[in-house]
Amino acid sequence: MTSITAAPAPSATTPQQAPRARRTDAKAGWLFVAPFAFFYLLFLIAPTIYMIVSSFFNTSLVQGGLGSFAGFANYAEMFGREDFWSSMWHTLQFTIYTTPPLVVLSFVIAVLANRVQRGQWFFRLAFFLPYVLPSATISLIWVYIFTPDTGLWPWLEQLVGLSPTAVLADPSLAMVGIAIATIWWTIGFNFVLYLAGLQDIPRELYEAAATDGATPWQQIRFITIPLLGRTTTLLVLLQIIASLKIFDQVYLMTQGGPGISTQVALTLIANVGFTDNRIGAASAASVLLFIVIIVIAVARQLMERRSERSA
């Protein structure tokens, strides 16, 4: 008679083995995180600490060390400088010019592209392609467009019977020109996020709404906009922070001019730090801008938690 031997049951982890397994998993996790953590500390945390410390010293590029202790003198200087406040105002002005259009236009374009049945890939490519170009290329394109007499924009103005405008040479229009270039450049990022959010909304909701007689606008108002609320909140925060850190386009298109009409916070910081060789004063201005960005990020986080609790 042949005896049947039961297959051995899979070995279960004993209580003594569980802590060892958890320690092994934790060690593997730290090994995966270690390279990122190293560069995070080296290129983000360490420079931030150096920025805060040097803002209290007369640090300079032409002498070693931190220099003599200055206390809050660098901060007092920044608060008393007229060009510091004008640069902060220009930064806020740029944020106002770019954030609402970048959110609203990308939403409208994403809704329209999402309704296209064929060739949707073309719209994705067309709107996202400028975003992959470097800022230097974007700046050259728009400097050419706004070039007086030979640029595309003066040509269009002449075509409709208007006098050609030197956009980047006019103090009242230069920031508008930089904002237009930035909107054209970065709208693709928001467009892709909105399009991904739209495609996550079940089609059955729209079909049920259409069956009940809802118009396309009512479907957008009562279905699309509420369900994309978190995406919109995220995009608004990202756009505000990105606009507060504007530097590339301004430096490449106008270098803060004409005069200081487009000088933003980071342009002032670069001039004070690398032209005047006053790293301490530039660090003080950087800390003030850093505080503004942190306050906005924390305010957004608190607003989101409040809306989640009330929902």
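Me: Which residues does UniProt list for "transmembrane region"?
Reply: The unreviewed UniProt entry lists residues 30-53, 94-113, 125-145, 173-196, 227-247 and 279-299 under that feature. Please keep in mind that the structure discussed here is a predicted model.

Me: How much helix is there over residues 30-53, and how far apart are the ends?
Reply: Residues 30-53 are 100% helix and 0% strand.

Me: Where does UniProt place the feature "domain: ABC transmembrane type-1"?
Reply: The unreviewed entry puts that feature at residues 88-300. In the model, this span is 74% helix and 0% strand, and its end C-alpha atoms lie 20 Å apart.

Me: How is the chain divided into domains?
Reply: Domain 1 comprises 51-80 together with 278-310, whereas domain 2 covers 90-277. Their C-alpha centres lie 28 Å apart. The contact between them takes 19 residues from domain 1 and 16 residues from domain 2.

Me: On to charges. How many salt bridges does a search of the whole structure find?
Reply: The search finds three. Glu-77 and Arg-278 form one of them, at 2.7 Å from N to O. This pair links distant parts of the chain, with Glu-77 in helix α2 (residues 73-80) and Arg-278 in the loop between α12 (265-275) and α13 (279-310), 201 residues apart.

Me: Which residues does Arg-81 pair with?
Reply: The side chain of Arg-81 meets that of Glu-77 in a salt bridge of 3.2 Å, N to O. Arg-81 also meets Asp-83 in a salt bridge, with an N to O distance of 2.8 Å. Through shared partners, the salt bridges join Glu-77, Arg-81, Asp-83 and Arg-278 into one network.

Me: Is Arg-81 buried or exposed?
Reply: Arg-81 is buried, since its relative accessible area is 19% and the cut-off for buried is under 20%. Glu-77 counts as partly exposed at 25% relative accessibility. Arg-278 is also partly exposed, with a relative accessible area of 30%.

Me: Changing topic to packing. At what angle do the axes of α4 and α7 cross?
Reply: The axes of helix α4 (residues 120-128) and helix α7 (residues 174-199) cross at roughly 145°. They come within 8 Å.

Me: Which residues in α4 and α7 meet?
Reply: On the α4 side they are Gln-120, Phe-123, Arg-124, Phe-127 and Phe-128. In α7 their counterparts are Gly-188, Phe-189, Phe-191, Val-192, Leu-195 and Gln-199. The residues of this contact divide into seven nonpolar, three polar and one charged.

Me: Now the backbone. Which peptide bond is cis?
Reply: The bond from Gly-257 to Pro-258 is cis, with omega near -5°. Pro-258 sits in the loop between α11 (248-253) and α12.

Me: What is the phi of Asp-149, and where is the residue?
Reply: Asp-149 has a positive phi of about 75°, although it is not a glycine. The residue belongs to the loop between α5 (135-145) and α6 (152-159). Asp-149 counts as exposed, at 69% relative accessibility.

Me: And the phi of Asn-277?
Reply: Asn-277 likewise has a positive phi, of about 60°, and is not a glycine. This residue lies in the loop between α12 and α13, and at 25% relative accessibility Asn-277 counts as partly exposed.

Me: Last one: what does Ser-286 touch?
Reply: Leaving aside residues up to four places away in sequence, Ser-286 touches Met-51 and Ile-269. Ser-286 is found in helix α13 and is buried, with a relative accessible area of 17%.

How values were computed
Residues are numbered from 1 along each chain as its sequence is written. This is a predicted model: local features need pLDDT of at least 70, side-chain atom pairs count only at pLDDT 80 or more; totals for chains, interfaces and linings use all residues. Side-chain values use heavy atoms; hydrogens and water are left out. A salt bridge is a side-chain nitrogen of Lys or Arg within 4 Å of a carboxyl oxygen of Asp or Glu. Buried means under 20% relative accessible area, exposed over 50%, partly exposed in between (1.4 Å probe, protein chains only). Helices (H or I, at least four residues) and strands (E, at least two) are DSSP runs, numbered from the N terminus. UniProt positions are given in the numbering used here, feature names are shortened, and annotations may be inferred rather than shown by experiment. Axes are lines fitted to C-alpha atoms, for helices over the stretch in contact, and angles run from 0 to 180 degrees between N-to-C directions. Contact means heavy atoms within 4.5 Å. Ala, Val, Leu, Ile, Met, Phe, Trp, Tyr, Cys and Pro count as nonpolar, Asp, Glu, Lys and Arg as charged, and the others, Gly among them, as polar. Domain bounds come from an automatic or database domain assignment.
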